Amino acid sequence: MTGSGPLVGAVDWGGTWLRAAAVRDGALLGVVREPRPSGFGEQCTLVVEMVRHLDVPVRALGVGIAGVVRGGRVESASNLGLRAPCDLAGRLWAESGIPVVVVNDTQAAAVAEADALGPGTAVLLTVGTGIGGAVVCDGRLVAGEGAAGDFGHMTMDAGGPACVCGGRGCLEQLVSGRVLDGGAAGLGLRHAGDLDQAARAGSGAGSEAARRALEEAAAMLAAGLRSVTAAADPRVIVLGGGLMGPGRLLPRLVLERWPAVRPPWSAAEVRLSRFGDDGGLYGAALLAVQLAL
């Protein structure tokens with residue numbers, strides 16, 4: 001493997017999948033993927049094994065995880081089954097022998113996007129199993145006390161469904177991969193990808209029902225973006241994550257709806273991530289490079 005930069009490892013630790021890659025000079029090398037085990041301890045063990053299976057001597061490891069992270073310590077990761085705070089950076093370093101930096105997964109993706117966002121304030125929203133968020137200002141991550149931008153847990157309906165965070169009616173309980181998978185099951189489909197395909201089929205009762213489900217999801221997500229705009233007043237909103245991939249209907253419906261619901265005082269542009277579902281890996285790798293130098 002040639003290149004001038006250090007060879008580092010990157011991990012994207014999501015609600016459904018764990019992914020690891022060796023990265024050099026911005027190129028992903030040898031990505032591996034495994035279903036996420038239910039127990040958090042099992043997840044930690046699997047991540048270390050996945051990094052070892054990359055079969056290359058990485059100098060540092062960057063981890064983006066779906067949780068609230070402060071200084072390498074995961075304070076909360078309810079979607080991953082974490083019940084108590086965990087010094088994840090220290091644990092993974094002890095088990096792997098590799099220096100580790102840990103951040104929130106969407107914040108990692110925002111680091112990857114930052115170079116292309118330019119000056120001003122930008123927001124990244126990732127829609128996958130859950131919903132994550134991050135804020136970037138003039139190319140630098142705005143983390144607050146660690147959890148700034150956790151837009152998936154904005155309350156959209158105070159009487160809505162209970163959320164694993166302890167709240168009710170959070171955005172990710174109203175529109176996310178988990179919610180759309182449930183809607184797909186109600187139509188006899190397996191998951192959100194099948195829902196998308198059915199909606200684009202063009203005819204039939206199943207197609208109409210699938211499109212209605214995605215239109216409702218787009219309306220809720222656009223309403224969430226309006227609240228994000230009121231809070232952060234961004235110049236641009238970037239949509240990423242597994243459900244915002246190229247060719248999918250949901251992001252197209254959100255983009256179509258946005259001009260009509262955007263606050264009149266805002267000129268915020270909504271666009272899709274340049275990295276797609278790999279943003280977390282790229283961002284984690286950039287942070288690992290800083291650790292390796």
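Me: What volume does the second largest pocket have?
Reply: Its volume is about 160 Å³, counting the space filled by probe spheres set on grid points joined across faces, edges and corners. This is a predicted model, where local features need pLDDT of at least 70 and side-chain atom pairs pLDDT 80 or more, while totals for chains, interfaces and linings use all residues. Residues are numbered from 1 along each chain as its sequence is written, and side-chain values use heavy atoms, leaving out hydrogens and water.

Me: What makes a residue part of the lining of this pocket?
Reply: On a 1 Å grid over the protein atoms alone, a pocket is an open set of points with protein on both sides within 12 Å along at least five of seven lines, and a lining residue has an atom within 4 Å of a point. Here 13 residues line the second largest pocket, and Val23, Asp25, Gly26, Tyr282 and Leu286 lie nearest its centre. The elements giving two or more residues to this lining are β2 (17–24), α3 (105–117) and α9 (279–292). The largest share, 4 residues, comes from α9. By class, the lining has 8 nonpolar, 1 polar and 4 charged residues.

Me: Are α3 and α9 roughly parallel or roughly perpendicular, and how do you know?
Reply: Their axes are 7 Å apart and the helices pack at an angle of about 75 degrees. Angles of 65 to 115 degrees count as roughly perpendicular (under 35 is roughly parallel, over 145 roughly antiparallel, the rest oblique). Therefore α3 and α9 are roughly perpendicular to each other. Asp105, Ala108, Ala109, Val111 and Ala112 of α3 meet Gly279, Gly280, Tyr282, Gly283, Ala284 and Leu286 of α9, with contact meaning heavy atoms within 4.5 Å. This contact has 7 nonpolar, 3 polar and 1 charged residues.

Me: How many cavities of 30 Å³ or more does the structure hold, and what makes a space a cavity?
Reply: The structure holds 1. A cavity is a set of points where a 1.4 Å probe fits but cannot get out. The largest cavity has about 40 Å³ of space. Leu180, Ala192, Asp196, Leu214, Leu243, Arg248 and Leu250 line the largest cavity, giving 5 nonpolar, no polar and 2 charged residues.

Me: Does Ala217 count as buried or exposed, and why?
Reply: Buried means under 20% relative accessible area with a 1.4 Å probe and protein chains only (exposed is over 50%, partly exposed in between). Ala217 has 5% relative accessibility, so Ala217 counts as buried. Ala217 lies in helix α7 (residues 205–232). Not counting residues up to four places away in sequence, Ala217 touches Val175, Leu180 and Leu250.

Methods. Ala, Val, Leu, Ile, Met, Phe, Trp, Tyr, Cys and Pro count as nonpolar, Asp, Glu, Lys and Arg as charged, and the others, Gly among them, as polar. Axes are lines fitted to C-alpha atoms, for helices over the stretch in contact, and angles run from 0 to 180 degrees between N-to-C directions.
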